[in-house]
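Here are my notes on the fold, point by point. Please read them with the structure open.

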Amino acid sequence: MEFSSSAVLPTLREACDRVGFASGDAELLRIGENAIYQLTDASVVVRIARSADRLPSVERELCVARWLAAAGVPAIRVYEEIDQQPLLVHGHPVSFWYTVTGGEPVPTTVDLARLLASFHALGDCPCDLPGFDPLRSVASRIAQADDAAAADRDFLSARCADLSARLQDLAFALPRGPIHGDAHTKNLLTDHGQVVLLDFEAAAVGPREWDLLPTAIAVERYGLPEEEYREFAGAYGFDVRTWPGYPVLREVRELTMTTWIMQNVGESHAVAAEFALRVATLRERDSKRAWNFF
C-alpha cells in the first residue's frame, strides 16, 4: 500500500468526517512512520499510521501517553473527546491529539534528559510494551522498500544480520525497564510554557542506554555542541559514550535511522539524497560525516 502525503488524504478526510472535523485546510506537519496533520478548525493533530499492522503500536502510544499523564510526567495529550481510539480507516490506524501551544521555552537537551529521567523512574508500565528489538522494524522496512536500489537493500540486510548477532553479546550498564524508544529533542514540544514529551509508538521494555544514544550521536552527525551533550549527560546522570557497548549500539541506531528515511525516498529529491548519504557513510564506516535531520 502506497504511503505518501498525497495517498493518505482520503484517509484523513474520512477520519475527520467520522468525528465531525473539517479536513480541507489541514497542514502536513511531518511524514515518517506516520503522516501527521494539523487541523485548522480545531486544536487537534491527526496521526495516520502506515498500515493496519501498526495498530498495536498506535494502541501502545495512546496507552503510554495516558500513563504519563496520570503519573504527572509532561507529555502530549490524547484528544479524549473522541471515544474508542484509534480509528481504523482505509487500513490505517488514526489517532487524535491536542495541539500544543508552542512558544517559549525552546526545548533543550537538558529538558530531554530530565524528562527521560522521570520516564525511566516510573517503574512498571501498565501498557503492553514489547521487548527491546530495534532491528525488527529495520527488517520490515527493507522488505517493503520498493523505491530503494537492490544493492542498497542487500547491503542493509547484511548489516542488519551482522548487528543482530553482535547486539546479543552486549552487557548493559543501566537497568532494563520502560524506554521511550525514539528519544531526541525533535520529540519535544512546548505546551503552555512547559516542555512535553511525545511520540511513544516505539516504547518498549529495554536498556535505558537506547534512549541516551540519539543525543550522543547528534554531536557528530548533526553538529550538536559538545558542551550541550555534556549538559545532557550530566542532567541525566550517565554518559552513554563511556559504556563499552556504545559503538555497537550506535551502529544499530544509525541503521534504524537510515531505514527510517528509506521509507520516504519517493517523497522528494532531498530525502532520496539523504538516504544515499547515509548508506554511503554506513558502507564506508564513516562515523563522523554529517547527516541532515528530517
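1. The model is predicted. The protein has 9 helices and 9 strands. Its radius of gyration is 19 Å, close to the 19 Å that the globule rule gives for 294 residues, so the protein is as compact as a globular protein of that length. The C-alpha trace spans about 55 × 45 × 35 Å along the principal axes.

2. An open sheet is built from 5 strands in the order 1-2-3-5-4, with antiparallel pairing. Strand 1 (27–31) and strand 4 (87–89) are the edge strands; each has a single partner, so one side of each is left without a neighbour in the sheet. From one strand to the next, the twist averages 30 degrees.

3. Strand 1 and strand 2 (residues 34–38) run antiparallel and are joined by 4 bridges. Within this pairing, Glu27 stands opposite Gln38 of strand 2. The two strands, strand 1 and strand 2, form a hairpin with 2 residues between them.

4. Strands 3 and 5, and the helix across them. Strand 3 (residues 44–49) pairs with strand 5 (residues 92–98) over 5 bridges, in the antiparallel sense. Opposite Val44 stands Tyr98 in strand 5. Helix 2 (residues 55–71) lies across strand 3 and strand 5. The angle of helix 2 to strand 5 is about 15 degrees. When you inspect side chains here, recall that in a regular strand they alternate between the two faces of the sheet.

5. A second hairpin. Strand 7 (residues 188–191) and strand 8 (residues 194–197) run antiparallel, joined by 4 bridges. Thr190 has Val195 of strand 8 as its bridge partner. The hairpin of strand 7 and strand 8 has 2 residues between the strands, and His192 there takes a positive phi near 50 degrees.

6. Helix 6 against helix 7. How do these two helices pack? Helix 6 (residues 209–221) and helix 7 (residues 226–236) pack at about 160 degrees, with their axes 9 Å apart. That angle makes helix 6 roughly antiparallel to helix 7. The crossing of helix 6 past helix 7 is left-handed. Helix 6 contributes Leu212, Thr215, Ala216 and Val219 to the contact, and helix 7 contributes Glu226, Tyr229, Phe232 and Tyr236. By class, the residues of this contact are 6 nonpolar, 1 polar and 1 charged.

7. Helix 3 against helix 6. The axes of helix 3 (residues 109–120) and helix 6 come within 11 Å and cross at roughly 175 degrees. Helix 3 and helix 6 are therefore roughly antiparallel. On helix 3 the contact uses Thr109, Leu112, Leu116 and His120; on helix 6 it uses Asp211, Leu212 and Thr215. The contact of helix 3 with helix 6 divides into 3 nonpolar, 3 polar and 1 charged.

8. Helix 3 against helix 7. Is this pair roughly parallel or roughly antiparallel? The axes of helix 3 and helix 7 come within 8 Å and cross at roughly 25 degrees. Helix 3 and helix 7 are therefore roughly parallel to each other. The crossing of helix 3 past helix 7 is right-handed. From helix 3 the contact takes Thr109, Val110, Leu112, Ala113, Leu116, Ala117 and His120. From helix 7 it takes Glu228, Glu231, Phe232, Ala235 and Tyr236. The residues of this contact divide into 8 nonpolar, 2 polar and 2 charged.

9. Backbone points to check. Most residues other than glycine have a negative phi, and most peptide bonds are trans. Where do the exceptions sit? The peptide bond from Gln85 to Pro86 is cis, with omega near 0 degrees. Pro86 lies in the loop between helix 2 and strand 4. The bond from Glu104 to Pro105 is also a cis peptide bond, with omega near -5 degrees. Pro105 belongs to the loop between strand 5 and helix 3. Asp199 is not a glycine, yet has a positive phi of about 65 degrees. The place of Asp199 is the loop between strand 8 and strand 9 (204–207).

Key:
Residues are numbered from 1 along each chain as its sequence is written. This is a predicted model: local features need pLDDT of at least 70, side-chain atom pairs count only at pLDDT 80 or more; totals for chains, interfaces and linings use all residues. Side-chain values use heavy atoms; hydrogens and water are left out. Two strands pair if DSSP finds at least two bridges between them. Axes are lines fitted to C-alpha atoms, for helices over the stretch in contact, and angles run from 0 to 180 degrees between N-to-C directions. Contact means heavy atoms within 4.5 Å. Angles under 35 degrees count as roughly parallel, over 145 as roughly antiparallel, 65 to 115 as roughly perpendicular and the rest as oblique. A crossing is left-handed if the near helix is turned anticlockwise from the far one by less than a right angle, and right-handed if clockwise. Ala, Val, Leu, Ile, Met, Phe, Trp, Tyr, Cys and Pro count as nonpolar, Asp, Glu, Lys and Arg as charged, and the others, Gly among them, as polar. The radius of gyration is taken over C-alpha atoms; the globule rule is 2.2 Å times the number of residues to the power 0.38.
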